[in-house]
Amino acid sequence: MTATVIVADDDAAIRTVVRQALTRAGYQVRLTETAAGLVKLVSEGRGDVVVTDVILPDANGLDTIPKLLALRPGLRVIVMSAQNTLSTAVRATEQGAFDYLPKPFDLKELTRSVAAALEGRAQTDTGEFGGDDTPLIGRSPAMQEVYRLIARVVPNDLTVMILGESGTGKELVARAIHDMGPRANRPFIALNMAAIPRELIESELFGHERGAFTGAAARASGKFEQAQGGTLFLDEIGDMPLEAQTRLLRVLQTGEFTTVGGTRTQRADVRILTATNQDLHALTQAGRFREDLYYRLNVVPLQLPPLRARIEDVAALARHFLEIAASEGLPRKQLDPLAIDALRAHAWPGNVRELENLMRRLAVLERGDTITATAVSAGIGQRTPPPAPAAESSSLGEAAAVHIARYFADFAGNLPPDGVYDRLLAEVERPLIAACLDATGGNQLKAAKLLGINRNTLRKKLTDLAVESRRV
Ligand SMILES: Nc1ncnc2c1ncn2[C@@H]1O[C@H](COP(=O)(O)OP(=O)(O)OP(=O)(O)O)[C@@H](O)[C@H]1O
């Protein structure tokens, strides 16, 4: 018997193309424009699969799903949405949707999804979870794939391996999976394997007993214990030493762990998320990563696209970071349309982090309310590659001497205007402060500490330097 698909959308054009595609794929199609019409058809026992838009004239398609499922438990509902954010994807799953298709979508993708729904493949788990903010910015097709995958892993405890170049948002995704899932009100603990000395990794993870090794003066809890009931995010997993890998594998196999130097086993009720920007498969071939552990951790691989593969997201991300900068008290800036073109033309080897740092720097250093294309190009140029030395000089002092001599020479025998001291020092202060803000991710408190100056002094300098002209 031919399967029947009910399609609910108030846009006649969409109804037509969807009907054509599904009819061509061999299905019967029933169309409706409203949520009421959809509920009626399902209550009459019609339709094997439902395809619905989120915005219907009389109700929200997502809110209608539970009603449909109450009428017919097990009915597969596919949601189409133009509001393609992570929250919509997750909410669709939460309400019991079988699949979520961000508009515009490929009709082949729709027919594939309908076929999967009829076959009962890939049923999405549903569960209770809260939080509907959207931590991830970007509506590109590349990110839609990411959102669909996140929505599938949020309600369960599957081990997810987040892959992607540095700065693509791997840690942010790990947090989103935790924050939107059932463990949200339990701890999220992150540990970066590359950031701690190798010999301390095991005790960091599992804790240690007093006297377990030289320097272990007291018992200490490890990240597994601290993350109980919550999520443990293991970043740069490729850098985990082999001995720690063996121990981690044992935890995954038995669901229990022991502290370093301890004998008592403890239950590990922890969801594990990992991230890497290395080719772990190659590491297993080279014998540096246990293959059995690799398969345990790589249950769901989630690949984050580099920013250059989602260049359409650059403008929204740039505005988002300017918004954050403004909320931190930095001057509020707009982006000139040509500046957006300049941002889109860059290849972003440092991905979203590079864009974030650039926006923060421009918010601090640019005069005026609008960031121009020239400022963007100059800002990008400043970072990659690093500025060439002013002369073949080996020290900052020598480079400065060359600059200063050139500055004086520009006045061809006359003296430059008074106030040379402040003007020249401001020129050195500007890149110095920018470098410190970059290094501390824009945290003014940390930057002030790094510079060795008071936070209020830094704030004042930021204001002064932002208005100070670049005359030297
Ligand atoms: N889609 C996004 N929306 C908003 N902010 C983002 C997005 N992706 C990344 N960011 C921001 O960019 C910065 C870098 O992201 P994150 O630290 O998650 O990257 P990563 O892939 O874990 O990097 P690394 O591999 O170097 O540790 C963070 O400040 C993060 O908040």
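In strand 12, the bridge partner of Ile162 is Leu302. Helices (H or I, at least four residues) and strands (E, at least two) are DSSP runs, numbered from the N terminus. The model is predicted: local features need pLDDT of at least 70, side-chain atom pairs count only at pLDDT 80 or more, and totals for chains, interfaces and linings use all residues. Residues are numbered from 1 along each chain as its sequence is written.

**The sheet with strand 6**

Strand 6 (residues 160-163) pairs with strand 12 (residues 300-303) in the parallel sense, over four bridges. Two strands count as paired if DSSP finds at least two bridges between them. Strand 6 is also joined by four bridges to strand 11 (residues 271-276), and these two run parallel. In strand 11, Ile162 has Ala275 as its bridge partner, and Met161 has Thr274.

Angles run from 0 to 180 degrees between N-to-C directions, and axes are lines fitted to C-alpha atoms, for helices over the stretch in contact.

Contact between two residues requires their C-beta atoms, placed from the backbone, to lie within 7 Å.

**The ligand shell**

Helix 7 (170-180) also takes part in the shell around the ligand: helix 7, helix 13 (314-327) and helix 15 (351-365) each supply at least two residues. The ligand is surrounded by 19 residues, of which Ser166, Gly169, Lys170, Glu171 and Val352 are the closest. A residue counts as near a molecule or strand if its C-beta atom, placed from the backbone, lies within 6 Å of it. By class, the shell has six nonpolar, eight polar and five charged residues. Here Ala, Val, Leu, Ile, Met, Phe, Trp, Tyr, Cys and Pro count as nonpolar, Asp, Glu, Lys and Arg as charged, and the others, Gly among them, as polar.

Strand 4 (residues 76-81) pairs with strand 5 in the parallel sense over four bridges. Met80 stands opposite Leu101 in strand 5.

**Helix pairs**

| Helix pair | Angle | Axis separation |
|---|---|---|
| Helix 2 (residues 35-43) and helix 3 (residues 61-71) | about 15° | 10 Å |
| Helix 18 (residues 420-439) and helix 19 (residues 444-451) | about 125° | 8 Å |

Angles under 35 degrees count as roughly parallel, over 145 as roughly antiparallel, 65 to 115 as roughly perpendicular and the rest as oblique. Helix 2 and helix 3 are therefore roughly parallel to each other. Their crossing is right-handed; a crossing is right-handed if the near helix is turned clockwise from the far one by less than a right angle, and left-handed if anticlockwise. Ala35, Leu38, Val39, Val42 and Ser43 of helix 2 meet Gly61, Thr64, Lys67, Leu68 and Leu71 of helix 3. This contact of helix 2 with helix 3 has six nonpolar residues, three polar and one charged.

Helix 18 and helix 19 are oblique to each other, and their crossing is right-handed. Cys436, Leu437 and Ala439 of helix 18 make the contact with Ala447, Leu450 and Leu451 of helix 19. The residues of this contact are six nonpolar, no polar and no charged.

**Backbone features in loops**

The peptide bond from Lys103 to Pro104 is cis, with omega near -5°. Pro104 is found in the loop between strand 5 and helix 5 (107-119). Glu236, which is not a glycine, has a positive phi of about 50°. Glu236 lies in the loop between strand 8 and helix 10 (242-254).
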